[in-house]
Amino acid sequence: MRASLLTEEQHESWDANGYFLAKDFAAASVREGMIDRIVELARAIDDGEERPDLLVSPENTLSDAPTAEGRLSKIFRVMRSEDVFREFATDDRLLAILSEVMGRDIDCFLSQFIFKQPGAMGQPWHQDEWYFRMDPPKQVGVWLACTDATPENGPLWVVPGSHRELVHEDVVEDPRPGANMGYVEIQGADTSNEQQILMTAGDLLVFDCHLRHRSTNNVSDGMRAAMVYHYSPAGTEVTHEFTFNQDWVPVLRDGRPALVDATPVPIDWGTPG
Ligand SMILES: O=C(O)CCC(=O)C(=O)O
């Protein structure tokens, strides 16, 4: 039997808390390459380049920022066609970790680079599974710190153990003026044991998609940046109609890396009405 790649502490945290940290997981060249590429993409799209495969989501409260990247919140669907993002998503070490918690057949279905510039809002308490509604509901997220995540620049907070909860249905749209597209907030759930997840650039958080989490506002004068991927067991049934930010890409089959077709796939916006 192959030795586990996860430490006992990581296994215990996965079972008891619904997440674990892999410290110092990504090299500086990788995370800096990600930031550089997102800046290039943001500027090119702002200048009119057509990228029907990517979904750009602005930071509503920063619409007056002088640069394209300064006005950006997220770019979704970068994993397939953009080399630096595809290479990380299919990194052998990452797939080996994921297969320990998800099995031998895995798809990556969501990829998003998140810029949180000074003044950007955090995302309220939510469970990613609220958005996904998949069967089986066994999705796993990975959040790569591309910069440090400090108390001031809007780190993640989690409620350890909440991965055992069902999807909370008492949820309202984020009431803050200027809140970003899609932000919602769970109502009335106990957050008294919340934990702040401080990270050094290059650290990776692996988390269960029922885990309640949020991020806070960036009140520092530097940016916080993260690259986030979500994975699912192959064969998952998607029951939710809000799927236009997804792009399903097989990454592991029978325990072996799958060859990814890097041809861009335009967003399917569904049929109106
Ligand atoms: O990075 C953030 O600020 C929030 C990210 C998050 O909560 C998510 O991707 O579900």
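## A cis peptide bond in a loop

Proline 136 is found in the loop that runs between strand E5 (134-135) and strand E6 (140-145). In this predicted model, the peptide bond that joins aspartate 135 and proline 136 is cis, with an omega of about 0 degrees. Most peptide bonds, by contrast, are trans.

## Two residues with positive phi

Most residues other than glycine have a negative phi. Arginine 77 is not a glycine, yet its phi is positive, at about 70 degrees, and its place is in the loop between strand E3 (72-76) and helix H3 (83-89). Aspartate 254, which is not a glycine either, has a positive phi of about 50 degrees, and this residue lies in the loop between strand E15 (249-253) and strand E16 (256-257).

Which of the words buried or exposed applies to arginine 77? Arginine 77 counts as buried because it has 25 C-beta neighbours inside 10 Å, where the cut-off is 20 or more. Aspartate 254 has 8 other C-beta atoms within 10 Å and is therefore exposed, the cut-off here being 12 or fewer.

## The largest nonpolar core

In soluble globular proteins, nonpolar side chains tend to be buried together. The largest nonpolar core of this model has 56 residues, and those with the most contacts inside it are Leu144, Leu205 and Val206. Strand E4 (residues 106-116) supplies the largest share of this core, namely seven residues.

Once its neighbours within four places in sequence are left aside, leucine 205 is in contact with Tyr19, Leu21, Val142, Trp143, Leu156, Ile197 and Met199.

Notes: Residues numbered from 1 in each chain as written. Predicted model: local features only at pLDDT ≥ 70, side-chain atom pairs only at ≥ 80, totals over all residues. Helix = DSSP H or I, 4+ residues; strand = E, 2+ residues; numbered from the N terminus. Core = buried A, V, L, I, M, F, W, Y, C linked by C-beta atoms within 7 Å. Contact = placed C-beta atoms within 7 Å.
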